[in-house]
Amino acid sequence: MASSELVSVCKKSAEGVPSCANAVIMDLEEVRKQMGKADLVESGEEGLPSKSLSECGWSLNEGSADVDPLISRRYDWPKRRRTSYLSAWKFVDLIAEMCEVAGHHPDVTFGWGYVSIVLTTHDVKGVSISDIVLAARIEEAYVKYKKAEDAAIAAKKAEDAAVAAKAEGDAANTPK
């Protein structure tokens with residue numbers, strides 16, 4: 001089943017986010033197969049190939065007698081940044097809106113420099129197509145978010161360097 005077929009299983013909302021009210025459970029072999037599909041996640045870069053969920057860091061927990069099967073992913077930010085907590089919080093806020101529109105809500109934990117996401121469909125006690133589609137949309141949102149965040153950090157560094165250079169120039173030109 002191609003990515004486009006997966007998305008077509010779910011209804012599309014006005015915002016283009018899948019709304020997956022009617023979840024279809026997949027056996028674990030099908031979950032592994034779907035997570036390995038190379039065309040699920042757009043790279044966000046022109047000319048770069050799409051990736052599979054597995055290549056992006058999503059993993060399958062097959063579950064046990066007490067735990068339903070699930071897929072999960074942890075996103076990390078460098079902890080040396082003083083904005084690591086806020087970056088994680090903003091990413092959670094971004095995906096929360098997307099999940100609300102989709103009507104499918106992952107378990108999310110976050111803290112200083114990390115966000116962990118767990119997807120399972122409780123109604124069917126396992127991983128469904130809804131989970132795979134939502135994981136791909138979350139991954140694409142992360143790629144865009146990270147790209148914008150990196151650009152903002154680079155712009156701030158350039159601005160700080162320009163201010164420092166001006167201050168040095170002003171100090172050198174000041175009579176003693």
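**A walk through the structure**

L86 counts as partly exposed because its relative accessibility is 41%. Partly exposed lies between buried, under 20% relative accessible area, and exposed, over 50% (1.4 Å probe, protein chains only). This is a predicted model, where local features need pLDDT of at least 70, side-chain atom pairs count only at pLDDT 80 or more, and totals for chains, interfaces and linings use all residues. Residues are numbered from 1 along each chain as its sequence is written, and side-chain values use heavy atoms, with hydrogens and water left out.

L86 sits in helix α4, residues 84-102. Helices (H or I, at least four residues) and strands (E, at least two) are DSSP runs, numbered from the N terminus. The protein has 5 helices and 6 strands. From the N terminus, their order is α-β-β-α-α-β-β-α-β-β-α.

Now the surface. Areas come from the Shrake-Rupley method with a 1.4 Å probe; for residues, only the protein chains shown count as cover. The accessible surface of the protein comes to about 10200 Å². Carbon and sulfur atoms hold 55% of that surface.

Next, the inside. Of the 176 residues, 38% count as buried. In soluble globular proteins, nonpolar side chains tend to be buried together. The largest nonpolar core here has 26 residues. A core is a set of buried Ala, Val, Leu, Ile, Met, Phe, Trp, Tyr and Cys residues joined through side-chain atoms within 4.5 Å. W58, I71, Y75, F91, I117 and I138 have the most contacts inside this core. Helix α5 (129-173) is one of the elements that each supply at least two of its residues. α5 gives the most, with 8 residues.

Take Y75. Beyond its neighbours within four places in sequence, its contacts (heavy atoms within 4.5 Å) include W58, F91, I117 and I138.

Last, a loop. H105 lies between α4 and β5 (107-111). H105 is partly exposed, with a relative accessible area of 44%. Leaving aside neighbours within four places in sequence, H105 touches C99 and E100.
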